[in-house]
Amino acid sequence: MSDTNNPYGGSQYGGSYGQSYGGGTSVSYGGAPAAPAPAEPTPASAESPASAGDVIVDTTTAGFTRDVLEESRIRPVLVDFWAPWCGPCKQLTPVIEKVVNDAGGAVRLAKMNIDDHPSIPGQLGIQSIPAVIAFVDGRPVDGFMGAVPESQVREFVEKLAGPPGADQAAEIEAALTEAEGLLASGQVQEAAQLYGAVLQADQENANAAAGMMQCLITLGETARASQMLASLPEEMAADPAIQTVKTKLEQIEEARKLGDPVALEQALAANPDDHEARMNLAKILNVQGDREAAAEHLLTIMRKDRTFDEDGARRQLLQFFEVWGPKDPATISARRRLSSILFS
């Protein structure tokens with residue numbers, strides 16, 4: 001991120017530089033260097049380097065390049081300029097630490113005592129504290145002054161790093177998309193591993209739970225899928241993705257009770273107008289995965305007798321569509337043929 005594309009300059013925080021706290025003068029970047037030059041480094045024994053993984057650190061003049069400038073090329077870094085005698089600083093510090101911790105590592109907070117380290121705040125023109133300046137890609141991009149409320153601090157951090165969990169949400173979405181593709185291509189075990197990983201990160205992810213149950217069904221473990229469905233919280237079970245799996249399990253259970261598909265085919269060969277046998281065969285073929293044939297039997301019933309089972313063939317076909325999904329080729333083809341029957 002460069003300052004030529006800085007999205008923060010026009011924010012409410014950008015305007016806060018013209019304010020002062022407790023009669024102090026404003027913070028200004030006018031004439032300040034893009035990246036303040038650190039003083040001569042002190043011996044290693046005089047300073048404890050901060051770990052790159054630390055979310056909150058106390059920085060120094062000598063450590064500023066490492067703790068702030070270099071780190072800001074990885075993630076935004078907020079620098080809190082404070083002093084022990086500053087009452088508003090004591091109010092702001094726990095607030096900003098809480099917000100930064102809530103961000104889960106998306107940003108870092110580097111605290112600098114201006115009494116012990118006046119050089120860098122001097123270069124930045126800071127004359128009133130508390131002052132918080134955000135660095136991105138080694139450059140100051142935004143900031144605010146004073147002991148502002150938590151809501152304003154949180155909004156400031158979210159402008160820099162996005163809402164808490166945004167990165168994880170993107171990763172979860174990508175994993176779900178990949179798992180869906182794996183399942184569709186027959187790589188069921190691989191898909192189940194991804195769905196399981198998502199559920200470890202987010203136990204209430206309905207799409208992941210639905211995907212896991214679809215994997216179990218595909219593997220023939222319908223009993224386990226039913227057990228998983230029964231264990232879901234009520235609110236999660238009401239999700240459309242879960243309801244689709246529930247319908248599929250109901251279809252499987254119903255198909256088990258419909259008899260031998262070979263016997264049904266023989267009955268149809270003897271009497272093509274045996275619509276009950278044709279309906280039952282369609283349900284069995286659907287469970288077996290032969291969607292085109294299942295749809296063809298239902299469409300045949302509709303062409304011959306729309307009144308059978310009070311238009312039951314159409315209602316059953318719509319239920320198939322619900323489980324197959326709107327993008328499934330079988331759904332697209334059968335829906336087109338259904339329309340030609342309904343509106344011919």
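1. Helix α13 is mostly covered: 11 of its 14 residues are buried. Buried here means under 20% relative accessible area, exposed means over 50%, and partly exposed lies in between (1.4 Å probe, protein chains only). Among the buried residues of α13 are His275, Arg278, Lys283 and Asn286. Met279, Leu281, Ile284 and Leu285 are also on that list. The helix runs over residues 275-288 and reaches 20 Å from its first C-alpha to its last. That is close to the 20 Å expected at 1.5 Å a residue. The expected span is 1.5 Å times one less than the number of residues. Helices (H or I, at least four residues) and strands (E, at least two) are DSSP runs, numbered from the N terminus.

2. A word on the basis. This is a predicted model, in which local features need pLDDT of at least 70, side-chain atom pairs count only at pLDDT 80 or more, and totals for chains, interfaces and linings use all residues. Residues are numbered from 1 along each chain as its sequence is written, and side-chain values use heavy atoms, with hydrogens and water left out.

3. Helix α8 covers residues 206-218. It has 13 residues and reaches 18 Å from its first C-alpha to its last, close to the 18 Å expected at 1.5 Å a residue. This helix is mostly covered too, with 11 of its 13 residues buried. The buried set includes Ala206, Gly211, Met212, Met213, Gln214 and Leu216. Cys215 counts as buried because its relative accessibility is 1%.

4. Look at both ends of α8. At its start, a side-chain oxygen of Asn205 comes to within 3.2 Å of the backbone nitrogen of Asn207. After the helix comes Gly220, whose phi is positive, near 85°.

5. The structure holds 1 disulfide. A disulfide is a pair of cysteine sulfur atoms within 2.5 Å. Cys86 and Cys89 form it, with their sulfur atoms 2.4 Å apart. The torsion about their S-S bond is about 85°, so the disulfide is right-handed. Both Cys86 and Cys89 are buried.

6. Helix α3 (residues 87-102) packs against helix α5 (residues 150-161) at an angle of about 40°, with the axes 10 Å apart. That angle makes α3 oblique to α5. Axes are lines fitted to C-alpha atoms, for helices over the stretch in contact, and angles run from 0 to 180 degrees between N-to-C directions. Angles under 35 degrees count as roughly parallel, over 145 as roughly antiparallel, 65 to 115 as roughly perpendicular, and the rest as oblique. The crossing of α3 and α5 is right-handed. A crossing is left-handed if the near helix is turned anticlockwise from the far one by less than a right angle, and right-handed if clockwise.

7. Thr93 sits in helix α3. Its relative accessible area is 18%, so Thr93 is buried. Thr93 and Pro130 are 37 residues apart in sequence, and 8.9 Å apart in space, C-alpha to C-alpha. Pro130 is in the loop between α4 (119-123) and β4 (131-136). Check the peptide bond from Ile129 to Pro130: it is cis, with omega near 0°.

8. Asp137 has phi near 55°, a positive value in a residue other than glycine. Asp137 lies in the loop between β4 and β5 (139-145). At 22% relative accessibility, Asp137 counts as partly exposed. Asp311 has phi near 65°, again positive in a residue other than glycine. Its place is the loop between α14 (291-304) and α15. Asp311 is buried, with a relative accessible area of 13%.

9. Asp67 belongs to helix α2 (residues 64-70). Its relative accessible area is 1%, so Asp67 is buried. What does the side chain of Asp67 make a polar contact with? The partner is the side chain of Thr59, at 2.9 Å. A polar contact is a pair of N or O atoms within 3.5 Å; within protein, one must be able to donate a hydrogen and the other to accept it, and residues adjacent in sequence count only if both atoms are side-chain atoms.
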